[in-house]
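Student: I would like to learn how to read a structure I have not seen before. Where do we start?

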Amino acid sequence: MIKTAPSILSADFVNLERDIRALGPAGADYVHVDVMDGHFVPNISLGIPVTAAIKKISPLPLDVHLMISRPVRYVEEFCKAGADILTVHVESDIPANIRAALEKTKALGVRAAVSVKPDTRAEAVLPYLELCDLILVMTVEPGFGGQSFMADMMPKLRTIRGWIDEKNPSCELEVDGGVNEKTAQLCKENGANVLVAGSAWFKSPDPAAFNRALKA
Ligand code: DX5
Ligand code: ZN
């Protein structure tokens, strides 16, 4: 089953509650929450208090994407704030600390995930594959919404899909960046089952129709 995860980075922050409450009725499966620290990525977005506030009003599970350096420091706080899936970047710390972040997440009863930036090879997820409930393949350089989809990430996606099927079939495979009706088809053909969409979702005049197009 294909799932959708609208990224609220492109929502209207003045009307965040309204925009989040509209996601479920439009058919979305997760709320994708992008956390940026101005260090791991050159942008700052939102953090723990806003995640906790979103949790209070969101009927959908929170898919929290940490684009921060040394995320293990904040795992507990994001889990307590209400993350249902917590994603850390493999590039954001040394391997022992990435593993510790995943283990901590799972110990707190939250689904654990790793993400890879475009320049990172597929092999970087292998040490964590058995620990992960989801793997996120970036199809743009993380940091900003509204960038163009990198179709050259499709071989990486397909490779990771092969490893998931072999070693951890219940693990989900998510793509993030530049996803629209067209590029979603490529992502699905190459094995993704969770599609993040920010600007395309929130620009759509009919999100329910857009959601159906992503899943079709
Ligand atoms: C980028 C974020 C994405 C972003 C996607 O760093 O991780 O989740 O919001 O936005 P679009 O769909 O506009 O590329
Ligand atoms: Zn994201």
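Predicted model: local features only at pLDDT ≥ 70, side-chain atom pairs only at ≥ 80, totals over all residues.

Tutor: We can begin with the strands.

Student: In what order do the eight strands of the open sheet lie?

Tutor: The order is 1-8-7-6-5-4-3-2, and the pairing is parallel. Strand 1 (3-6) and strand 2 are the edge strands, each pairing on one side only. From one strand to the next, the twist averages 25 degrees.

Student: How many bridges join strand 3 to strand 4?

Tutor: Three bridges link strand 3 (residues 62-67) with strand 4 (residues 85-89). Val64 stands opposite Leu86 in strand 4.

Student: Which strands does helix 4 lie across?

Tutor: Helix 4 (residues 95-107) lies across strand 4 and strand 5 (111-116), at about 150 degrees to strand 5. Helix 8 (residues 207-215) lies across strand 1 and strand 8 (194-197), at about 135 degrees to strand 1.

Student: Which residues have the most contacts inside the largest nonpolar core?

Tutor: They are Val114 and Ile135, in a core of 61 residues. Helix 5 (residues 154-167) gives the most to this core, with five residues. Apart from it lies another core of 10 residues, including Tyr30 and Met138. As for Ile135, its contacts include Val114, Leu129 and Ile160.

Student: Why is Gly27 called partly exposed rather than buried?

Tutor: Buried means under 20% relative accessible area. Gly27 has 25%, so Gly27 counts as partly exposed. Gly27 sits in the loop between helix 1 (16-21) and strand 2 (31-36). Among the residues Gly27 touches are Thr4 and Lys215.

Methods
Residues numbered from 1 in each chain as written. Chains lettered and ligands numbered in written order. Heavy atoms only, no water. Helix = DSSP H or I, 4+ residues; strand = E, 2+ residues; numbered from the N terminus. Buried < 20%, exposed > 50% of the residue type's maximum accessible area, 1.4 Å probe, protein only. Contact = heavy atoms within 4.5 Å. Core = buried A, V, L, I, M, F, W, Y, C linked by side-chain atoms within 4.5 Å. Pairing = 2+ DSSP bridges. Axes fitted to C-alpha atoms, helices over the stretch in contact; angles between N-to-C directions. Lists of a residue's contacts leave out its neighbours within four places in sequence.
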